[in-house]
Amino acid sequence: MLTADIDALRPTADRRTDWPAEAIEGAFHRVYASTQPWLSLTRTRRDTTDSPADRARWNVWIAALAPPEQSVRGTYAQACVLVAQGREMLRALRETLTPCVSVGSVAKEIEQLIQAEALKPSARIPRRSLARRLRVPTVYVDLALADLAARKLVEIRASGSAVVLDTGDRASAPGLQQDPAIDQTAVGAA
């Protein structure tokens with residue numbers, strides 16, 4: 001059912017900007033009809049996440065995709081944005097159906113790698129290899145990095161890459177060893 005709702009929100013290939021008002025209104029209604037059954041699960045995901053960045057993304061989708069009480073009036077561009085938000089939310093829900101560690105756990109794992117200096121100051125963080133190693137979607141690593149950036153442990157650059165910040169007060173945590181999956185060649189491949 002979730003996949004069918006994602007497919008129902010395929011972006012239109014017709015890029016005309018002179019769509020009739022009825023067609024635009026129909027697009028809005030299609031989005032609301034496809035996403036409304038999933039909003040309660042979306043709220044549950046938001047309420048149970050242990051990540052501020054993850055909570056923020058769920059909040060954006062909930063606010064955008066809650067159907068209005070009155071008739072919808074909007075533009076073609078607004079309909080396209082709403083379709084994209086609906087697809088993103090439904091895809092994120094589909095990802096959460098597969099059991100995996102939480103975004104907060106991913107952030108803790110990355111923080112441990114930083115504290116153990118498996119990820120050194122100024123080193124680029126290998127997002128894809130971390131996601132594979134932790135068996136989580138790459139977006140979970142991205143959200144965890146956003147949480148760590150808010151805590152000033154990493155910096156998200158304009159290019160989208162993330163690097164470890166030098167806080168100067170790191171001590172190697174006992175019992176943590178360099179992860180063989182995180183080496184300098186993997187760091188450069190991120």
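The following numbered points review a predicted model of a protein chain.

1. Basis of the note. Residues are numbered from 1 along each chain as its sequence is written, and side-chain values use heavy atoms, leaving out hydrogens and water. As the model is predicted, local features need pLDDT of at least 70 and side-chain atom pairs count only at pLDDT 80 or more, while totals for chains, interfaces and linings use all residues.

2. Confidence. The chain has an average pLDDT (the predictor's confidence in each residue, from 0 to 100) of 83, and 84% of the residues score at least 70. Confidence is highest in helix α4, at a mean of 96, and lowest in helix α9 (residues 184-188), at 39. Helices here are DSSP runs of H or I with at least four residues, strands are runs of E with at least two, and both are numbered from the N terminus. Over residues 170-190 the pLDDT is below 50, and this stretch has 40 contacts beyond near neighbours in sequence; a contact means heavy atoms within 4.5 Å. Where pLDDT is low, the predicted coordinates should not be read in detail.

3. The aromatic pair. One aromatic pair is found in a search of the whole structure. The ring centres of W58 and W61 are 5.3 Å apart and the planes stand at 75°, so the pair is edge-to-face. Rings of Phe, Tyr and Trp (its six-membered ring) pair if their centres lie within 6.5 Å; planes under 30 degrees apart count as stacked, over 60 as edge-to-face and the rest as tilted. Both residues belong to helix α4 (residues 52-65), three residues apart, about one turn of the helix.

4. Surroundings of the pair. W58 counts as buried because its relative accessibility is 0%; W61, at 7%, is also buried. Buried means under 20% relative accessible area, exposed over 50% and partly exposed in between (1.4 Å probe, protein chains only). The charged end of R57 sits over the ring of W58, 4.9 Å from its centre; this requires NZ of Lys or CZ of Arg within 6 Å of the ring centre and within 35 degrees of the ring normal.

5. Residue T42. T42 lies in helix α3 (residues 39-48) and is buried, with a relative accessible area of 0%. Not counting residues up to four places away in sequence, T42 touches W58, I62, M89 and L93.

6. Helix α6. The buried residues of α6 include V103, A107, I110 and E111. Among the elements that cover the buried residues of α6 are α4 and α8 (138-150). Just after α6, E117 takes a positive phi of about 60°.
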